[in-house]
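Please consult the sequence and the structure shown below while reading.

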Amino acid sequence: MNRRRVALFLSAAVATGALAWAQTPAAKPAPKPAKPVAKEPPVLPGTEAVVETAKGSFTIRLLPEVAPKHVALFVKTAKAGAYDGTTFHRIIPGGIIQGGDPLTKDPAKASLYGTGGLGLLTAEFSDRPFVRGTVAAVRRPSSVDSAGRQFFVCIRDQPSLKGQYTVFGEVVSGMEVVDQISLVPVEGDKAKERVEMKVTVKEPPAAP
């Protein structure tokens, strides 16, 4: 093979190799590692929630040692401002006041009050008694494992509720305001007056 033929052969080989390389699909970049999901810090014992209404304010001491998941959801909801503008839509005089349903922000949805914000948690029953001032989670009548953002406050001792609802707090001041809310006129058990709330979380001071 003379030099000219060798040169043509090498030129063709290089061109063929370059074409083959050009047609090779580029390697896909490695997928970026997923960002770790930040966990909510646990709610500290001694954390309180101040519930402000037009009739006054009352303070709930939350009980994370009794119902940690319920307390965590309540605190998360309150810090997001999701309780603000909701109402105490259900009142049983001498029994309970109930509120926190996100649907109660809209007066046009009055027929649905009591159905919103449920089905988020499983029960966390305890030996805590249902005494005056007890704060517990509302659930659907059909399931004990259907609590969520709604809550109720006991006006009087109600031992029959033990084992049926999850206790996650207790009113430590302003119970007279709860009593005033319980006197709002009702139609059946539906409040005829809008008693809106604003909830602020107060965390205990950091240890020195």
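Against which strands do the buried residues of H2 pack? They pack against strand E1 (48–53), strand E2 (56–62), strand E5 (134–137), strand E6 (151–154), strand E7 (167–173) and strand E10 (198–202).

The model is predicted: local features need pLDDT of at least 70 and side-chain atom pairs count only at pLDDT 80 or more, while totals for chains, interfaces and linings use all residues. Residues are numbered from 1 along each chain as its sequence is written, and side-chain values use heavy atoms, with hydrogens and water left out.

**Overall arrangement**

The protein has three helices and 10 strands; helices (H or I, at least four residues) and strands (E, at least two) are DSSP runs, numbered from the N terminus. Their order from the N terminus is α-β-β-α-β-β-β-β-β-α-β-β-β. Of the 208 residues, 38% are buried, that is, under 20% relative accessible area with a 1.4 Å probe, protein chains only.

**Helix H2**

Helix H2 covers residues 68–79. Its 12 residues should span 16 Å at 1.5 Å a residue, and its end C-alpha atoms are 16 Å apart, which agrees; the expected span is 1.5 Å times one less than the number of residues. Within H2, the buried residues are His70, Val71, Leu73, Phe74, Val75, Thr77 and Ala78. Just after the helix, Gly81 adopts a positive phi of about 75 degrees.

**Strand E6 and its partners**

From E6, Phe151 and Val153 point one way and Phe152 and Cys154 the other, and all are buried. In a regular strand the side chains alternate between the two faces of the sheet. E6 pairs with two strands, as tabulated; pairing requires at least two DSSP bridges between the strands.

**Nonpolar cores**

A nonpolar core is a set of buried Ala, Val, Leu, Ile, Met, Phe, Trp, Tyr and Cys residues joined through side-chain atoms within 4.5 Å. The largest has 34 residues, and Phe58, Phe88, Phe151, Val153 and Phe168 have the most contacts inside it. At least two residues of this core come from each of E1, E2, H2, E5, E6, E7, helix H3 (175–182) and E10. H2 supplies the largest share, five residues. Another core, of 11 residues, lies apart from it and includes Phe130, Val138, Phe152 and Cys154.

Conventions: Buried < 20%, exposed > 50% of the residue type's maximum accessible area, 1.4 Å probe, protein only. Contact = heavy atoms within 4.5 Å.
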